[in-house]
Amino acid sequence: MTQLMKAAKSGTRDGLEKTRMAVMRKVSFLHRKDVLGDSEEEDMGLLEVSVTDIKPPAPELGPMPDGLSPQQVVRRHILGSIVQSEGSYVESLKRVLQDYRNPLMEMEPKVLSARKCQVVFFRVKEILHCHSMFQIALSSRVAEWDSTEKIGDLFVASFSKSMVLDVYSDYVNNFTNAMSIIKKACLTKPAFLEFLKRRQVCSPDRVTLYGLMVKPIQRFPQFILLLQDMLKNTPRGHPDRLSLQLALTELETLAEKLNEQKRLADQVAEIQQLTKSVSDRSSLNKLLTSGQRQLLLCETLTETVYGDRGQLIKSKERRVFLLNDMLVCANINFKGQLEISSLVPLGPKYVVKWNTALPQVQVVEVGQDGGSYDKDNVLIQHAGTKKASAAGQAQNKVYFGPPRLFQELQDLQKDLAVVEQITFLISTLHGTYQNLNMTVAQDWCLALQRLMRVKEEEIHSANKCRLRLLLPGKPDKSGRPISFMVVFITPNPLSKISWVNRLHLAKIGLREENQPGWLCPDEDKKSRAPFWCPILACCIPAFSPRGLSLQLGALVHSPVSCPLLGFSAVSTSLPQGYLWVGGGQEGAGGQVEIFSLNRPSPRTVKSFPLAAPVLCMEYIPEPEEGESGDESHVAAEPSAAVHPTICLGLQDGSILVYGSVDTGTQCLATSRSPGLQPVLCLRHSPFHLFAGLQDGTVAAYPRTSGGVPWDLESPPVCLTVGPGPVRTLLSLEDAVWASCGPRVTVLDATSLQTQQSFEAHQDEAVSVTHMVKAGSGVWMAFSSGSSIRLFHTETLEHLQEINIATRTTFLLPGQKHLCVTSLLICQGLLWVGTDQGVIVLLPVPRLEGIPKITGKGMVSLNGHCGPVAFLAVATSILAPDILRSDQEEAEGPRAEEDKPDGQAHEPPPASRVGRELTRKKGILLQYRLRSTAHLPGPLLSVREPAPADGSALEHSEEDGSIYEMADDPDVWVRSRPCARDAHRKEICSVAIISGGQGYRNFGSASGGSGRPAPCGETDSALLIWQVPLTL
C-alpha cells in the first residue's frame, strides 16, 4: 500500500513537467487508438489490482489551521467537495460491479448470458481502476494540503493519459447498446426484471441500474465545475494556478471528445431505429443505409390539424428527423410494459409518415404574404384534411397555420374600413343626436385600431411555438402542383428557433461550394459533414466601384441596438447590424463601404471616400455602467449619452471617429497622431483609446463623458515601445500588450506604466503581427514563417507552437513558404488566414483554461486568390423577449422563482392588468366607449369573455402557449424539456468574415466552383461564413 501511494505521488509530481514538455513538442495529450483490442484488461496496459482488496485510507482534511485567508478557506471547502464527490462516484462504480454484474454472472440459471453481461458492463472495471488510483493519489495530496495547496497537477497527470480517453470512449460508445440489451431483457425475461426491481428496492438511495451507469457520462462535467470554482479562488501568482488552468483544459478536451462520440453514437442509433421502420425495398431505406446521411436534428413535435374556421380538429405527436438533405416525419408507436419505465428508458418504434427532399421544404409564417412559390399555380391543402375547402379555392386565399388569428385580423380591418365610412357619414349630419356623434365614431375607430394592434401581437406570439412547413404533394388531375401545409407545435420558442435555423443552414450546406466545404488533412483528407462546420453563406465584392482595385485594410461589425427582424427571420439571417469595410490605394486615397446585414443578403447602404487609405478600425460599444473614468462622468447630462462609435486609423496619421449607422454615420471627431505617423492599429480599454504608430510609439487618448467617447483634442500620452513599428495591440482586462519587432511590451491599462516585456521570437528580423486572446492564453502570428505560438497571459510562458504549413500541403503541393496573415478566435475555433488565401481552422478550449490546440484541424476549400487580409467576427444577441414563451411574458419574472415544475400558469390578477398593457401577451383590454358605456351588447375586448366556471382562456389552441398537448400516461419516455428548463436569457448569432483578393475554390480542378465568381481574381472580396446557433 505504501509503495502504491508513493508511486502515485511521485507520478503526479513529474506529471506536470511531462505535460509541459509534451506541449512544447506539440504532442497531443489525448491519443485515441484507431483499433481497440477485444476489451481484455491486458490490452489496456492497466495495473492488475483487485479493486475489492484495496482499502486506501479515506482522504480526510485535517483541522483548519488559524490565519487562513477567505480564499484559502473556500479552496479547502472545494477540495472537500472534490473528495466527497469522488468517493461517491467510486462507490457507485463498485455497486455496478458488486450488486449487478457479479450476481448476474454467477446466477444459475442465467437470466443474462455471460456475453451479454460483458457488453452491458463493458469497461466499468477499467474506469474503476483509473479512479481508484486517482483516489489513492488524492489521499496523499489531501494529507499535505495545508503545506502545498496544490491539486491541479494531480488532475493533469491522472486524466491526460490516453488510457483514460480509451476506456471512457469505449464506455460512452457502448452505452446505447448496453441500454437496449437491458430494455430487451426487461421485456422478454420476467426474472431479469424482478432482479432489477429487487436490487433497486434494497439499495439505500433507490438509484436504478440506469442511474448508476449514467454517472460516468456525467463525471467530467462535474469535475470541470469544481475546478472552475477552485480557479476562481486561486489568486494570480499562486503555484497551483497554471496547473489548474492546464487541468481545466485537459478535462474540457476530454469532455468535448466524449460528447462528440456520444452525439455520433446517438445519431447512428436514431437512424438505425428509423431504418427499421422502413421496408427493405423502399428508396428511403437505401438512402438511410448508404452511410451518406447525417442526422442534424431530431425531436418530438406535436402536429396539429385545423379546420376551415381555425378550430383544432386533431393533434398527434410525431418524431421529426432533419437529415443533411431530407426531412422525415414518423408516427411514434410505443409498445411494451410501462412498468419498466422507472428502470430503463424505453425507446419508441417509428412508422414513417412522409419524407421530402430538403430544398423543397419551406418555412411559412402566420400572415406571410410573400413567398418563393407561385400562389396562382400552387394549391395549398392542410395536412390531415380530406380536401382543400371550396371557399378557400374560390377566394384563392390561404390562411397559414392556425387561420383564426389571421382571419380575425382581416375581419377587424374590414370593420375598421366600414366604421371609417360611417364616421364620414356622421360628420355630414345636420342635427345633434345623443349616441350618434363624432365622439362616439372616433371611439369606435380607436377601439378597433387597438384591437388590431393586439391581434398582430397574438399572431407574432403564435409564430413563437408553431413551425409551419410547406411541403410538395402529388399534382392534381390538371397537372397543377399541390403543396400541403404541416403545422407543428414545438415544446418552446427555443426549439422553434433551432428548427428554423438548422433547416436554413442545411439548405445552404447543399450548395456546391459547401459539398464539401472543409477537409481534415490528418484524417486522409476526409471531408467533414458540412453542417458541423461554419457554412459559406455568400461571397460579395468589398467595394462598389469595380474599376478601383482598392486594397483591403480592415473590417468591423457594428451591431444594431434593437432587433429589426421578425421571430423566424432572426434565426435564419446573418447577425444583424452593419459591416464597415475600409481600404484604399497608395496615392489614391481611401474608402469606407458600409454593408447592411439586415436583409437576406448583404447590401451596400453607404460609401464615402477618405483622404488616405484605412489601415485599421475599432468598434467602440456603449460604455457599461462603472466603466467611466471617474465619478463626475457618471453625473453627465442624459443628452450627452455616448452612442456606439467606429474609430478609423489612416495612413496619413488621421484618427476619425464616426457615429454608427443608427445615428447617421456622421464624423464626430478628427485628430492627427503625434508626428503624423501612420496609425497601424487601434484598441480600446474602459479608460483609453490606444493607437499603435509607425515609429514605435503607442498614443493613449483618455475617455471623456461627452458625445465623443475620447478626448482627441488634447495631446495624447505617448509611450515608446521600441524602435520599429507597433504592428498590433491587444487589450486585456487590466493590461495592454503592444508588439514591436519580436518583443511584446505589457502596459498597465490604467496607469499606462510598463509592467514587463518579453521576447516572443528569437529572430530579431521577425515581427509579431497578430495577437488574439482566449481563456488564459494569447496566440501570436509573425511576419515570416508559418508557425503560431501560444503564451500564458499571467506568467508569459511560451506554452505551444503549431506549424500551419503541415495542414495545407495537400492543398498547395510544392508550396514550401507559407506565412500567417490573420488570426481570429471565436466559439472554440482558432481561424488562421495565410498569404496563399487558404484558411485553416483549429479547435481550442472555450473555458478559462489554456487555449492550446488539442485536436485535428480543418482546412477550408473556399478561400481567396491572394493573402487573407483580415478575419473578423460579426455577432448579435437575439433579444431575450423573443425567447420568452407567452406564459412567461404574461406572468412576469417572478414566475421563474416561485412556480413549481408542471404547475399550470395562472392568469394575472385584475390589479395588474393595467400595468400589463405594455407587454406582448396577457393583455386583457376591456375598452369601454366613453358615451356608450350604458348601452346593451358585449364590450369591445381582445378576448372572448371568460367562461362561467372562471377558468382563464390563457390556453386557447391558437395563442402559441401550449407546451404539452398530449394526455398520454407515458410522458416519462418523451423526456420533454419543461418551459422553465427551456428559458434562456440570450442566444448569440455569429458570422465570420474573411477579406482578400478574389474568391477561389480549392476543391475544383479549375480553381473555381460551378457558380460564377462574384468578382475578379484581383478585386477585393468578402467571404461570409454562418455559424450554426449555439442552443
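**View 1. Cys 681 faces Gly 692 across a pair of strands.** Start with Cys 681, which stands opposite Gly 692 in strand S21. This is a predicted model, where local features need pLDDT of at least 70 and side-chain atom pairs count only at pLDDT 80 or more, while totals for chains, interfaces and linings use all residues. Residues are numbered from 1 along each chain as its sequence is written, and side-chain values use heavy atoms, with hydrogens and water left out. Strands here are DSSP runs of E with at least two residues, helices are runs of H or I with at least four, and both are numbered from the N terminus. S20 and S21 (residues 688-693) run antiparallel and are joined by five bridges; two strands count as paired if DSSP finds at least two bridges between them. With three residues between them, S20 and S21 make a hairpin.

**View 2. Another open sheet runs S11-S42-S40-S37.** Four strands form it, and they pair in the antiparallel sense. S11 (535-541) and S37 (868-877) stand at the edges with a single partner strand each, so one side of each has no neighbour in the sheet. S11 pairs with S42 (residues 1020-1027) over six bridges, and Ile 540 stands opposite Leu 1022 in S42. Helix H18 (residues 493-509) packs on the sheet, touching S11 and S42, and its direction makes about 70° with that of S11. Contact means heavy atoms within 4.5 Å.

**View 3. Trp 354 and Phe 484 meet edge-to-face.** A search of the whole structure turns up 22 aromatic pairs. Rings of Phe, Tyr and Trp (its six-membered ring) pair if their centres lie within 6.5 Å; planes under 30 degrees apart are stacked, over 60 edge-to-face, and the rest tilted. For Trp 354 and Phe 484 the ring centres are 6.5 Å apart and the planes stand at 80°, so the pair is edge-to-face. Trp 354 belongs to strand S4 (residues 349-357) and Phe 484 to strand S8 (residues 482-489), so the pair ties together parts 130 residues apart in sequence. Trp 354 is buried, with a relative accessible area of 11%; buried means under 20%, exposed over 50%, and partly exposed in between (1.4 Å probe, protein chains only).

**View 4. Six rings gather in one aromatic cluster.** The members are Phe 134, Phe 155, Phe 159, Tyr 168, Phe 220 and Phe 223. Arg 219 lies over the face of Phe 223, at 4.0 Å from the ring centre. A charge sits over a ring if NZ of Lys or CZ of Arg is within 6 Å of the ring centre and within 35 degrees of the ring normal.

**View 5. Ile 825 sits in strand S32.** That strand covers residues 820-826, and Ile 825 is buried, with a relative accessible area of 19%. Leaving aside neighbours within four places in sequence, Ile 825 has contacts that include Val 772, Trp 779 and Val 844.

Methods. Axes fitted to C-alpha atoms, helices over the stretch in contact; angles between N-to-C directions.
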